[in-house]
Amino acid sequence: ARAPSCVSWREARDTPKTRVGGRGGGLLSRFVRSLGFRFRATPKGTGTMAGLWRSEEMQLVQLVIPAEAAHDSVEKLGFVGKMAFKDLNQDKSAFQRTYANQVKRCDEMQRKLRFLLEEMGKADIVEPESKNLALQKAIQDSRVLSGYEKTYDLDELEVTLDELEHDLTDISAAMTKLERSKSELVEFQLVLDRAGSFFDTARRSGASRVVSEGGPGASGSGGDNNMESPLIGGGGNDFTADMTRASYGGGGHGGGGANLRLGFIAGLVQHAKIASFERILFRAMRGNMFLRHQEVGLVMDPAVCEKQNKSVFVIFFSGERSRAKILKICDAFSANRYPLPEDPVKQGSMRAEVHERLREISATVDASSDQKRTLLLRIHHDWDSWMALVKREKMIYHSLNKFNIDVTSKCLVAQGWIPTKARDEILQALKEACLESNAPVNTVFHQVYTNEDP
């Protein structure tokens, strides 16, 4: 008679200088089996197969399943969890198998679900790690899965995922465009505030100098090197009124600096690059330029959509060739340029216009963000069930790819190993699958006698 006690697989594994397991096993395993002991598998999970003995009596069976009931049969057998299918198409690649397109379809749906999960992570709605744990729990809970599929099938889910991906992509693209426009307006506002102060300082300095020296003509002969003084003689009204034109006026008049027209370019550049930016400008212009700059702190860059420490700059120059050189240098340093009027009245009106546009864009961005968050919260409620359903369908089609297709294409032939004691349970699952799928005939189930090891 068989001994009632058993030896744990873990205990036998930890026994020194022994080898237990495999098809033949070691000397100790054959000796223990001859005494009537059985090896007990240590369950790793909560699945049904984890509770089987390693010495469980198994049998190889063959199934002839109607094509209409193939999907439901594999699904029912998956819930039973006591049948391991043999791959009857080992000579075929993954792309040559019958249900390769269905597997690709599930892969595409998984990609869309991962995209939705990334969007939820960016919106701080859920952590991806906690979502993965919830997904594993949903997959293990077969009752949740079967109850969900009654109200949602794979075709409806595919349409829903297409719509959600399209909506989120459109909202994200619109928000990116709005954020870029908002960043440009913020930088333009900083240029108007900071660069405009450079002109105000120069005007006040020039006016005070004119008053102290007794007239506008006295400043032309002075040798004052003060950085706050006007760049050219004639008081504080010699700045150009048009920032887009810089040319020499009165070509026939020589020696007088009052006929020289100055142009200027204003914008923002990274503060870490300001030293090299100034040095390159000085060398390229051979000193015929004047640069004023001021640090403004962290600002969202419109090009890369990242916060960077920037400085506002204004470059004064003369001549179209100098303008062309400065524009190329600004492009090389990724400096953002903005139009800046010299007239204080125009600056004030432009500042008010920029402030109003910035307020409108901020309201639009907030509304779009609320709409996106509402949509992601709705997705968060059903994401676990969606991903579990897609994963289960993908596993079903992977199992179906192991079957042979009959020449008539009306039935599938499958082989697999089952525990002898679970035969009735498997037969019941196959019968239920045929009834639910309205198959014209039942699945043919018969045992294959073989000397192979399971």
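Reply: In this predicted model, the axes of helix α8 (residues 274-285) and helix α9 (residues 320-332) come within 11 Å and cross at roughly 150 degrees. An angle over 145 degrees counts as roughly antiparallel, so α8 is roughly antiparallel to α9. The crossing in which α8 passes α9 is right-handed. On the α8 side, the contact is made by Phe277, Ile280, Leu281, Ala284 and Met285. On the α9 side, Ser322, Lys325, Ile326, Ile329 and Cys330 take part. Sorted by class, the contact of α8 with α9 has eight nonpolar residues, one polar and one charged.

Helix α3 (residues 70-80) and helix α10 (residues 344-400) have axes that come within 10 Å and cross at roughly 110 degrees. Angles of 65 to 115 degrees count as roughly perpendicular, and therefore α3 is roughly perpendicular to α10. The crossing of α3 and α10 is right-handed. From α3, the residues in contact are Ala70, His71, Val74, Glu75 and Phe79. They meet Arg392, Glu393, Ile396, Tyr397, Ser399 and Leu400 in α10. The contact of α3 with α10 divides into six nonpolar, two polar and three charged residues.

Helix α10 also holds Ser368. Ser368 counts as buried because its relative accessibility is 14%, and buried means under 20%. Leaving out residues up to four places away in sequence, Ser368 touches Ile171, Met175 and Leu178.

Aromatic rings are a further topic. Seven aromatic pairs are found in a search of the whole structure. Phe264, Phe290 and Phe316 are linked by ring pairs into a cluster.

As for the chain as a whole, eleven helices and eleven strands are present. Of its 454 residues, 40% are buried. Among contacts between residues at least 6 apart in sequence, 78% join residues at least 24 apart.

Methods. Residues numbered from 1 in each chain as written. Predicted model: local features only at pLDDT ≥ 70, side-chain atom pairs only at ≥ 80, totals over all residues. Heavy atoms only, no water. Axes fitted to C-alpha atoms, helices over the stretch in contact; angles between N-to-C directions. Helix = DSSP H or I, 4+ residues; strand = E, 2+ residues; numbered from the N terminus. Parallel < 35°, antiparallel > 145°, perpendicular 65-115°, else oblique. Left-handed = near helix turned anticlockwise from the far one by under 90°. Contact = heavy atoms within 4.5 Å. Nonpolar A, V, L, I, M, F, W, Y, C, P; charged D, E, K, R; others polar. Phe/Tyr/Trp six-rings, centres within 6.5 Å; stacked < 30°, edge-to-face > 60°. Buried < 20%, exposed > 50% of the residue type's maximum accessible area, 1.4 Å probe, protein only.
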